[in-house]
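Subject: Structure handover

Hi,

Here is the structure we talked about, with its sequence. My notes on charges and contacts follow below.

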Amino acid sequence: MKPSGISSNNIEPRASEIITKLNIPGFDAYLVGGCVRDLLLGKTPKDWDVATSALPEEVVSVFSDNHIIETGIKHGTVTIVSNGLPIEVTTFRVDGNYEDGRRPANVIFVRNIREDLARRDFTINAIAYHPDKGLIDPFGGVTDLNTKTVHAVGDANTRLNEDGLRILRALRFASTLSFEIDSSLASSIHHNKKLLQNISVERIATEMTKLLCGDNVSKILIEYSDIFSVFIPEISDIIGFDQRSPYHLFDAWTHTVLTVAAAPTDPILRLTMLFHDLGKPACFTQDDDEMGHFYGHEDKSAEIANRRLRELRFDNETIDAVCELVRWHDVGLTEKNLIKWLNRLGEPRLRQLFEIKLADAKSHSAENATEKLSELWDREMQLNDILEKEVCFSLKDLSLNGDDLLAAGIPEGAEIGFILQRLLDAVMDGRLPNEKQALLRAAIPAE
Ligand code: ATP
Ligand code: MG
């Protein structure tokens, strides 16, 4: 087939070299999977995968002069490190029987690229490319790339039942590439969503993170909310939830989805938006005017985020950041208290808090949004100003330290810390200047 959209200039020379080295002794070798898809879409591939007819031990012997990593050899993958770039070379294979809807019991090596392409999940991921021979596209992947469709290789239902993770992978590609999901795959996804209960949580977390950072995330979250509810059940409680408030045009889930899409494409910020209001139903009250209130929903949402992210085995750094941001997403940042929040959260986290507050504000009713946005922009300017002027907002900025207090005769112990914190609070409030003598006088009042 004529190689449309791929020119040899776009191909990583170290990958072509590996293909050539395998071809010389007579083995077939092709670029496959994500790199071919990305090349055809005019994107720069993140990594380069090669599929070959050579058995793993044959690959090892062809590349005996290279640095080789053999960890994946059981599944047919040998990683060749070529001038510092790791490239995975995997023997053509078909999967053995799927016994539990997640992993094949074994893999069977084959000598034919077409069989290897047939075991891949979606047609757009089942295209091979050879620098001289061009594309091998037995399942119409190029057409699906052109029509922007995620389409299963073969029968959608069978393929999802082999490996339930494909449900989330389909949604991930639709979100990141802004593709539509073919109708039979779409209905199969809804029908088979329970399969995700058997999938390893780490695999779910990886796909979920990529999906959340896609450009088309709002459409996917809305159309497939039932899928996300399988592993974050609190989502089902906010779908269609009427907030009974003039500040909210939308139900709680639609608002949540809008905030996810409005946040920068950073996993922590997008996860924060996903969880930020999940505690609302549990905290819902109505006043005499039937207006809805959600006192304490920030803590409740942070608790949900903590539980679900731990279940999904996200790393501690992500969990701590998301929970802290969810916990404080509704605090009022004022001209007076900004410096205290800077002290409490530190600059990086406070900047993240601005980002999520902006995303949240953009997704409220228009009138309310404009006011909130302009307030936030004022606060950001104020923050820049504080940092530029090197205003004191932490103990390390204070012109007095523990040694000064010891020298002034205050005994060593916890008291020193309390005094310093009291002085810092006074400086941040503007009650004391950040000057050593003034601070000492305040620390040790004259008898
Ligand atoms: P990315 O650009 O995010 O790496 P990718 O398509 O390369 O996307 P990988 O997870 O790296 O995704 O997988 C490489 C290839 O292996 C895929 O393109 C696909 O052909 C195949 N593949 C991966 N996971 C599955 C799966 N669960 N079922 C079937 N085929 C899969
Ligand atoms: Mg890949």
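Glu371 is exposed, with a relative accessible area of 53%. That value is over the 50% cut-off, so Glu371 counts as exposed rather than partly exposed. Bear in mind that this is a predicted model. Glu371 sits in helix α20, which covers residues 366–388. On the surface, Glu371 belongs to a patch of negative charge.

Now the salt bridges. Side chains of opposite charge can pair when their charged atoms come close. The structure holds 30 salt bridges.

Start with Glu207 and Arg172. Their closest N and O atoms are 2.7 Å apart.

Next, Arg351 and Glu347. They form a salt bridge too, with 3.0 Å between the closest N and O atoms. Both lie in helix α19 (residues 347–362). Because they are four residues apart in that helix, about one helical turn separates them. Arg351 is partly exposed, at 27% relative accessibility. Glu347 is partly exposed as well, at 30%. Both values fall between the 20% and 50% cut-offs, which means neither residue counts as buried or exposed.

Then Asp397 and Lys396. In this salt bridge the closest N and O atoms are 3.9 Å apart. The cut-off is 4 Å, so the pair counts. Asp397 is partly exposed, with a relative accessibility of 26%. Lys396 is exposed, at 72%.

Some salt bridges share partners. Glu234, Lys300, Glu303, Arg307, Arg308 and Glu311 are joined into one network this way.

Last, a histidine. Where is His130 found? His130 is in strand β8, residues 128–130. Its relative accessible area is 3%. Buried means under 20%, so His130 is buried. What does the side chain of His130 reach? It reaches the backbone nitrogen of Asp132, at 3.0 Å.

Best wishes

Note on methods. Residues numbered from 1 in each chain as written. Chains lettered and ligands numbered in written order. Predicted model: local features only at pLDDT ≥ 70, side-chain atom pairs only at ≥ 80, totals over all residues. Heavy atoms only, no water. Patch = residues over 30% accessible without salt bridge, like charges linked within 9 Å, V, L, I, M, F, W, Y side chains within 5 Å. Areas by Shrake-Rupley, 256 points an atom, 1.4 Å probe, with all protein chains shown as cover. Salt bridge = Lys/Arg side-chain N within 4 Å of Asp/Glu carboxyl O. Lys, Arg positive; Asp, Glu negative; His and termini not counted. Charge placed at Lys NZ, Arg CZ, Asp CG, Glu CD. Helix = DSSP H or I, 4+ residues; strand = E, 2+ residues; numbered from the N terminus. Buried < 20%, exposed > 50% of the residue type's maximum accessible area, 1.4 Å probe, protein only. Polar contact = N/O pair within 3.5 Å; in protein donor to acceptor, adjacent residues only side chain to side chain.
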